[in-house]
Each structure stands twice: as structure tokens, then as C-alpha cells.
Amino acid sequence: MKNTWTKFRSAMRDFRVARGGNVAITFALATIPIVGGVAAAVDFSRANSVKADLQAALDSTALMLSREASSDTNTQLQANAQSYFTANFNRPGTTVGTISANYTTNGGTQIVVNGSVKVPTDFAQVLGVNQITVTGTSTVKWGMSRLRVALVLDNTGSMADNGKIGALQTATKNLLSQLQSAATTNGDVYVSIIPFVKDVNVDPSNYNANWIDWTDWNANNQTCSGNNGNHNGWGNGNGNGWGNGNGNGNGNGNGNCSPSNHNTWNGCVVDRGDENTPDAANYDTNVVAPTPGVTATLFSAEQYSPCPQAAMGLSYNWSAMTTLVNNMTPGGNTNQAIGLALGWMSLTGGGPFTAPAMDPNYTYQQVIILLTDGLNTQDRWYSDQASIDARQQMTCNNIKSAGVTLYTIQVDTSTPPDPTSALLQQCASSSDKFFLLTSSNQIVTTFNTIGTNLSRLYISK
């Protein structure tokens with residue numbers, strides 16, 4: 001026993017003083033965490049790949065839920081969240097944790113979807129890590145911003161050709177449906193509709209409004225009485241009536257004329273501005289509010305025979321807008337400029353329009369969509385395209401400077417084709433917001449494209 005113990009002590013003493021194996025043993029021990037770390041990196045890299053797929057599935061789930069969240073019960077919302085996520089996430093070998101959805105309308109409508117996935121490890125187990133949990137969240141907001149859209153629509157006589165007016169009606173009603181669907185609550189989306197020809201109809205029921213100038217209308221629309229009875233004259237009655245001149249009617253030299261009752265006005269107005277100097281203060285190119293007593297700021301009434309359907313200011317009365325669109329009929333000459341000016345005023349308010357106040361808790365996107373099938377032919381002062389275009393270009397520049405997004409659409413189905421409108425190209429907010437269409441059917445597809453861009457939801461986080 002003593003001999004054995006002596007041998008053991010000797011062996012231990014020899015091991016203590018030995019130097020040859022220490023480096024190998026030390027290196028072997030040191031490689032354990034190194035190898036473990038490298039192996040774990042492989043597992044964590046896989047976990048990051050799973051996290052990317054998790055985020056994509058959560059984003060898709062949130063977008064799909066946003067279409068129904070307002071009408072789902074919380075139980076339905078959670079069940080659908082799990083179902084949509086499962087359909088979008090495909091990573092075999094992982095374990096999906098709880099997928100939860102939270103829908104709120106405070107401070108803007110949003111839906112938040114949270115989820116987690118457990119990823120088993122292959123190598124990190126040597127470090128005692130058997131699985132890695134990855135988490136993600138996706139938020140879709142569609143109530144922090146609000147949309148206001150003015151539809152400025154050509155109703156001139158040429159729109160009767162090649163089915164254009166029918167295509168415009170279909171396209172507009174489809175667009176209204178898109179915008180209505182994008183609105184979660186009333187007021188999220190407002191739309192105004194401004195049919196235009198040479199004039200715009202601001203609704204004959206406004207005949208008592210103080211923003212109307214009756215000077216020209218009174219001179220051109222009179223009721224005269226004389227030996228031959230009452231008659232109406234488009235010009236001025238013959239004889240000693242309200243001003244002298246040639247007009248329609250049977251009055252004799254002893255007739256007595258006075259302006260017709262304003263309630264017989266058909267609602268049409270012409271471009272704003274001074275009758276003798278169109279560029280005085282450029283009221284036809286801006287949205288300065290009409291001021292009683294300052295004639296150039298007022299809307300001059302005109303009894304224009306092909307007066308279009310009455311314009312409608314900002315509204316979310318989708319049924320009334322659809323009725324307006326159904327009632328549009330083509331007739332008259334082309335004056336894009338007045339339609340554009342009144343479309344802009346419908347967004348800001350003033351004159352014929354009242355624009356609802358903007359809530360400071362929201363951001364607002366304001367848009368004008370101008371569609372026309374013809375080049376400018378007549379306004380209040382001019383019958384040459386170049387002069388009218390110059391006025392309209394000023395309006396376009398002012399609109400864009402005010403931060404309003406402007407889409408312009410030229411529909412040209414004529415043979416041979418009209419020149420591409422340089423004016424409409426320059427008026428558009430950017431090159432991708434100008435559309436040149438060569439068939440009526442393209443009106444429908446183009447409005448659908450614009451409507452999709454305007455109404456799409458976005459992932460904010």
C-alpha cells in the first residue's frame with residue numbers, strides 16, 4: 001500500500017512539472033466556446049431569416065385585416081389574424097406562437113398585429129440554447145391622413161363622340177366607390193365634382209348669393225312690355241327699352257324693358273375678372289374669396305344655353321354624387337381653365353363652395369383630377385387657344401405652389417389625332433400624373449389606377 005501511494009505521488013509530481021501537453025490542453029479547452037459561438041452564429045443567422053419571413057407575414061396579415069377590422073368583433077379579428085398569418089407564413093420546423101391583433105380608432109384608425117415564432121437550434125445547444133424566439137409587429141394606419149379630391153370633368157359637346165361620356169360616367173362612379181371604400185369614417189374622404197364646358201354651373205338656387213355679378217346678365221336677359229305684350233330678349237329689346245340694340249321679341253318702339261327675374265337664371269357663370277382687362281388681379285387664376293362690391297372678384301352670371309350639370313362642393317354624400325354623374329350630358333365649347341379654377345376653389349372654400357375645416361390632428365392630401373377630351377376653344381374673353389392656355393397655365397402654377405397634387409388626363413379619340421397638349425403636360429404635378437388616352441375604355445382603367453393610388457393603405461411601422 002505504501003509502495004502504491006509512493007508511485008501515485010511521484011506520478012502527480014511528474015504531471016505537475018511537465019510542460020509538453022499544457023498548450024494542447026489549453027487550446028482544446030479554449031476551442032469549446034469558439035466552436036460553440038460559430039455554431040450558434042449559424043442558428044442565429046437562420047433565426048434572422050425566419051424573422052424576415054415573420055415580418056412579411058405580419059405585414060400581409062395587417063393589410064388584410066384593415067379591410068374588415070371595423071366590422072369584425074374582437075373574437076373574429078383574432079381568429080382571422082391567426083388564419084391570415086398561417087396562410088402567409090411557411091417555415092417548416094418552426095413553432096408559431098400567439099398572433100394578436102389590436103384595432104383602435106383613437107387619434108386615427110389603425111390596426112397593430114404582433115406575433116412570435118420559436119426557432120429550434122442545431123448547434124447552439126452546446127451553449128444550453130435549445131430554441132430562439134423571434135418577434136415582430138406591423139402597424140397599418142389609415143386614419144392619420146385625410147383625402148380631399150376635386151374631379152374636374154369635361155362635359156363639352158365632343159364628349160358625345162366614341163362613347164366618351166358614358167365611359168367617363170362609369171369611370172367616375174368606380175372611382176367614387178374606391179374612395180368611399182377607403183374611408184373608415186365620414187370625413188376621411190371628401191370629393192367635389194365640377195363638370196365644365198365654356199362655363200360652370202354653380203347651381204341656379206344660388207341666385208340670391210352676394211358673390212354673383214349680374215351686370216352682363218341683366219343687360220342680356222330682359223322682360224319687356226309694349227303694345228304687343230311681354231317678351232324675353234337674349235339681346236336688348238328694340239326701341240326704348242333697357243338699353244338699345246337688336247334682340248329677339250315683338251316689342252315696338254314704345255316698349256318698356258327691365259331685367260328678367262334672377263330666379264330664371266340657369267346657374268352658369270363665366271371666368272372671374274374685369275370684363276375689359278382680363279388680367280386685372282388675375283382673379284380667374286386664384287382662389288381669392290369673392291368680395292361684394294369688388295366686381296372683378298365676383299362670378300359673372302351668364303344664361304349659357306348648354307349649361308352643364310350643376311357642380312357639387314366637397315361632400316361624402318356618395319349617392320348624390322352618383323346621381324350627379326348619371327345626369328351629366330355633353331354640350332358646349334371647351335374652357336378647361338374655368339373648371340380648374342372652380343375645382344381648386346371647391347377645395348379651399350369661397351363663393352359657391354364651403355370647404356369643411358381641417359382638423360389639426362390629421363394631415364390632408366388635396367388632389368385635383370382634370371379630364372378633358374379637347375383643346376381650349378373659348379372663355380369669357382378669348383376664342384383662341386393660346387390666350388386661354390396662358391391663363392390656365394397661371395392657374396396650374398398657382399395650384400401646385402399651394403401644395404395641391406394635380407392629375408391631368410387628355411382623351412384623344414379623333415382621327416387624325418390632336419396634338420398632345422403641352423399645357424396639360426406642364427400642368428400635371430409630375431410626368432407620371434399626365435395621361436394621354438386614345439380610347440374611351442382607357443378612361444375607366446386610368447381612373448382605377450388613380451383611385452388605387454389615392455385610396456391605398458400604407459404600412460407605417
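Predicted model: local features only at pLDDT ≥ 70, side-chain atom pairs only at ≥ 80, totals over all residues.
At 43% relative accessibility, A289 counts as partly exposed, a class that lies between buried (under 20% relative accessible area) and exposed (over 50%), computed with a 1.4 Å probe on protein chains only. The residue A289 belongs to the loop between β12 (268-269) and β13 (299-300); helices (H or I, at least four residues) and strands (E, at least two) are DSSP runs, numbered from the N terminus. Leaving aside residues up to four places away in sequence, A289 touches R272 and T297, where contact means heavy atoms within 4.5 Å.

Residues are numbered from 1 along each chain as its sequence is written, and side-chain values use heavy atoms, with hydrogens and water left out. The average pLDDT (the predictor's confidence in each residue, from 0 to 100) is 86 for the chain, and 82% of the residues score at least 70. Over residues 228-253 the pLDDT is below 50, yet this stretch has 59 contacts in the model beyond near neighbours in sequence.

Salt bridges, each a side-chain nitrogen of Lys or Arg within 4 Å of a carboxyl oxygen of Asp or Glu, number eight in the structure. In one of them, D53 and R91 meet at 2.7 Å, N to O. Because D53 lies in helix α2 (residues 22-66) and R91 in the loop between α3 and β1 (95-96), this pair ties together parts 38 residues apart in sequence. D53 is partly exposed, with a relative accessible area of 32%, and R91 is partly exposed at 22%.

A salt bridge also joins K164 and D373, whose closest N and O atoms are 2.7 Å apart. It links helix α4 to the loop between β15 (363-372) and α8 (385-401), the two residues being 209 residues apart. K164 counts as buried at 5% relative accessibility, and D373 counts as buried at 6%.

E302 and K198 form a further salt bridge, at 2.8 Å from N to O. E302 is in the loop between β13 and β14 (312-315) and K198 in the loop between β6 (189-196) and β7 (200-201), so the pair ties together parts 104 residues apart in sequence. E302 is partly exposed, with a relative accessible area of 23%, whereas K198 is buried at 4%. A network of salt bridges links K198, D199 and E302.
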